[in-house]
Amino acid sequence: MRNIKMRDMFNCIPEIDFEAGYQYFLGNMSNYRRALLAILKSIKSKLPLLHSMLLTHEYEGLRTITQTLRKMLNNVGAISLAEFSYEMEVSLFNDEEMVLQEKLEQYLEQLIIFSDHLTTLLKEMDLQEPLQTEKETISFRNYDFTKTKESIKRSSRLLERKII
């Protein structure tokens, strides 16, 4: 029931494949939300750097930025943006300055749009998440191991896919 609500919320962000990201975090929504928040902070911090690279035509550190964002985007399920980050790396290696300049402009626009969508999504997720009280804190004695068993099953499915 809760996953259906989350899928509906993720429909406002066409860049993210909810199923891929949710499976990567083994169905743990709090970790997935933390990862989304971390990538939003990372993008917001890198936008001024990318903008200055666009203006000055100096691309020092662009490879590191694109690699970092590619890994983070791929983990949360934003595969199209992760692939675009890879294309940025390729055009940087090929020393195609005109192509790189155009792609950097497009990349910057897509990251701005993605960060705006992600901001609205995180606001909706925070409103829907109930606050945890001190009585509900998790202790080892009260831990429900059915979630652990589900996580093990999901991770084994992921391992089977990588082996094949």
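Tutor: One term to begin with: a contact means heavy atoms within 4.5 Å. Of the contacts in the chain with a separation of 6 or more, 65% are between residues 24 or more positions apart.

Student: What should I know about the model and the numbering?
Tutor: This is a predicted model, where local features need pLDDT of at least 70, side-chain atom pairs count only at pLDDT 80 or more, and totals for chains, interfaces and linings use all residues. Residues are numbered from 1 along each chain as its sequence is written, and side-chain values use heavy atoms, with hydrogens and water left out.

Student: How many helices and strands does the chain have?
Tutor: There are seven helices and zero strands. Both are DSSP runs numbered from the N terminus, with helices being H or I of at least four residues and strands E of at least two.

Student: What share of the residues is buried?
Tutor: 33% of the 164 residues count as buried. Buried means under 20% relative accessible area, exposed means over 50%, and partly exposed is in between, with a 1.4 Å probe and protein chains only.

Student: Ok, Ser-85. Buried or exposed?
Tutor: Ser-85 counts as buried because its relative accessibility is 0%. The residue is in helix H5, residues 79-93.

Student: And what does Ser-85 touch?
Tutor: Not counting residues up to four places away in sequence, Ser-85 touches Thr-66, Leu-69, Arg-70, Leu-73 and Tyr-107.

Student: Different spot. Where is Asp-17?
Tutor: Asp-17 is in the loop between helix H1 (2-10) and helix H2 (18-24). At 36% relative accessibility, Asp-17 counts as partly exposed.

Student: Which residues is Asp-17 in contact with?
Tutor: Tyr-32, Val-76 and Gly-77, leaving aside neighbours of Asp-17 within four places in sequence. Also, Asp-17 and Ile-79 are 62 residues apart in sequence, with 7.4 Å from C-alpha to C-alpha.

Student: What about the phi of His-57?
Tutor: The phi of His-57 is near 60°, a positive value in a residue other than glycine. His-57 is in the loop between helix H3 (29-56) and helix H4 (62-76).

Student: Why does His-57 count as partly exposed?
Tutor: Because its relative accessibility is 40%.

Student: Last one: where is Arg-157?
Tutor: Arg-157 is in helix H7, residues 146-163. With 46% relative accessibility, Arg-157 counts as partly exposed.
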